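User: I am new to reading protein models. Can you take me through one, feature by feature?

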Amino acid sequence: MKSSNKLALYILMFDMFITFSAVGLIVPVMPAYLKTFGAAGQALGFIIAVIAFAQFIFSPVAGNLSDRHGRKNLIIFGLFVNGLSQIGFGLSTELWMLFVCRFFTGVGSAFIVPPIMAYAADLSSNAERGKAMGWIGAAISLGFMIGPGIGGFLSNVSLHFPFYFGGSATIIAGILSFIFLPSIKPVIKEQVKSENLFQQMARSIKTKYFVLLIVVFVFSFGIANFQSTLTMFLTYKFNYTPNDLAIVMTAGGFFGVIVQAFVLNKLFSVFGEMKIILFGLLVAAISLYGMLYVSSFFIILLVATLFSTATTLIRPAVNTLISKTAGDEQGYAAGMNNSYMSLGNMIGPALAGTLFDWHMNLPFTVGAIILLGCFFLTFVWTKRKHGGSSVASMSK
């Protein structure tokens, strides 16, 4: 990879790191913060679902726009919207304001993630694609890992301060991207007919990677059960403080970051992306269900680490396979990828929050079943005539 391309990739990694650090640092604060509004698990689930709903609507738009008009301006726009909405979240005085601010956080994320994924694909050759996606994934995981630790520490200042800090850092990332991120010309030379969201979703059914999009939706649904209710589960069952939650979230993501940054590309070369996806789904399902049967702090750390590592293997593997088959429509493919993921992230937390209020064990049981079902769906697909040979070729 050329040195100029490496610089651009580092900036993209930084943007992803800041974006997801800001998301991560509010995680340990949310249970206590929502209590000040008289809200609990169901509210948290729907607040997360609102973000995913906005991403579902705007991700295809952002992906298509980045194909036509370039990636840089959209990324900068997304960073500013994301940052301002986080600051607004901290300034909110009514519960409905939280939902409005999180909707705009989702809008900002929709204009950050697909263009960055498409930009990374533009910078890398087919052989380098897995490595580039692994680095982007490592930046995301590192943000999730460090964010909760920072959030737990900043919560000692006030419950509002982590939101101000995260929003300000995201805006600064937008300013730095404006100054240092190179512009890339649109990859689509011929303008295609403008499509609305439903037309784009319908077109995705005809793509070669449609089954992978289904996998994205299903595993995102299962993962969201864990991510949206873990903090509530540990708070209500074990009386964990924001600092305790920060340690669990930070330690849980550390090993995944190491694997993504230094090992993932070698795993892709040896086993292929599809086998990594299958392995990750199985481990994620087992560790998610296993969370119900552990109580020691260090065992909880271990199980959380297994789950985080498994899910950090799945995401870049799916992203790589989709990107390899997308051709010149990297923005569209990334937008669809993020849109299907947002569907899972939207339905999963809303259901998980409701299930948690019924019984705190239900989200983990249902999530494990969904992940296991996704494993069998993917396994069957690889064995059928439309999967076996094509998946093997896609993984190379």
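User: How many aromatic pairs does the structure hold?

Analyst: This is a predicted model. The structure holds 21 aromatic pairs. Two rings pair if their centres lie within 6.5 Å.

User: What kind of aromatic pair do F58 and F111 form?

Analyst: Look at the angle between the planes. Planes under 30 degrees apart count as stacked, over 60 as edge-to-face, and the rest as tilted. F58 and F111 sit 6.4 Å apart, centre to centre, with 45° between the planes. That pair is tilted.

User: Which parts does the pair of F58 and F111 tie together?

Analyst: F58 lies in helix α3, residues 41-69. F111 lies in the loop between α5 (95-110) and α6 (113-123). The pair therefore ties together parts that are 53 residues apart in sequence.

User: What kind of pair do F297 and F298 form?

Analyst: Their ring centres are 5.8 Å apart and their planes stand at 85°, so this pair is edge-to-face. F297 is partly exposed at 24% relative accessibility. F298 is exposed, with a relative accessible area of 63%.

User: Which residues do ring pairs link into a cluster?

Analyst: One such cluster joins F53, F58, F77, F103, F104 and F111. F58 and F111, the tilted pair, are both in it.

User: Now helices. At what angle do the axes of α4 and α8 cross?

Analyst: Roughly 165°. The axes of α4 (residues 72-91) and α8 (residues 161-180) come within 7 Å. Angles over 145 degrees count as roughly antiparallel. So α4 is roughly antiparallel to α8. The crossing is left-handed.

User: Which residues of α4 and α8 meet?

Analyst: From α4, they include K72, I76, L79, F80 and N82. From α8, they include F163, Y164, G166 and G167. By class, the contact of α4 with α8 has 13 nonpolar, 10 polar and 1 charged residues.

User: Which residues does T19 contact, leaving aside its neighbours within four places in sequence?

Analyst: T19 is in contact with L79, N82 and I112. L79 and N82 also belong to the α4 side of the contact with α8. T19 itself lies in helix α1. At 2% relative accessibility, T19 is buried.

User: Is L9 buried or exposed?

Analyst: L9 is buried, at 1% relative accessibility. L9 lies in helix α1, residues 3-25. Now compare sequence with space. L9 and A43 are 34 residues apart in sequence, and their C-alpha atoms are 37 Å apart.

User: How far apart in space are L302 and G174?

Analyst: They are 36 Å apart, C-alpha to C-alpha, and 128 residues apart in sequence. L302 is in helix α13. With a relative accessible area of 48%, L302 is partly exposed. G174 is among the α8 residues that meet α4.

User: At what angle do the axes of α13 and α14 cross?

Analyst: The axes of α13 (residues 297-325) and α14 (residues 330-358) cross at roughly 145° and come within 10 Å. The crossing is right-handed. R315, N319, I322 and S323 of α13 touch Q330, A333, N337 and M341 of α14. Sorted by class, this contact has 3 nonpolar, 4 polar and 1 charged residues.

User: Which residues in α14 and α15 meet?

Analyst: In α14 they are A352, L355, F356 and W358. In α15 they are L362, P363 and V366. The contact divides into 7 nonpolar, no polar and no charged residues. The axes of α14 and α15 (residues 362-383) come within 7 Å and cross at roughly 135°. The two helices are therefore oblique to each other.

User: One last feature. What is the phi of N239?

Analyst: N239 has a positive phi of about 60°, although it is not a glycine. N239 lies in the loop between α10 (210-238) and α11 (242-271). N239 is exposed, at 62% relative accessibility.

Definitions and conventions
Residues numbered from 1 in each chain as written. Predicted model: local features only at pLDDT ≥ 70, side-chain atom pairs only at ≥ 80, totals over all residues. Heavy atoms only, no water. Axes fitted to C-alpha atoms, helices over the stretch in contact; angles between N-to-C directions. Helix = DSSP H or I, 4+ residues; strand = E, 2+ residues; numbered from the N terminus. Parallel < 35°, antiparallel > 145°, perpendicular 65-115°, else oblique. Left-handed = near helix turned anticlockwise from the far one by under 90°. Contact = heavy atoms within 4.5 Å. Nonpolar A, V, L, I, M, F, W, Y, C, P; charged D, E, K, R; others polar. Phe/Tyr/Trp six-rings, centres within 6.5 Å; stacked < 30°, edge-to-face > 60°. Buried < 20%, exposed > 50% of the residue type's maximum accessible area, 1.4 Å probe, protein only.
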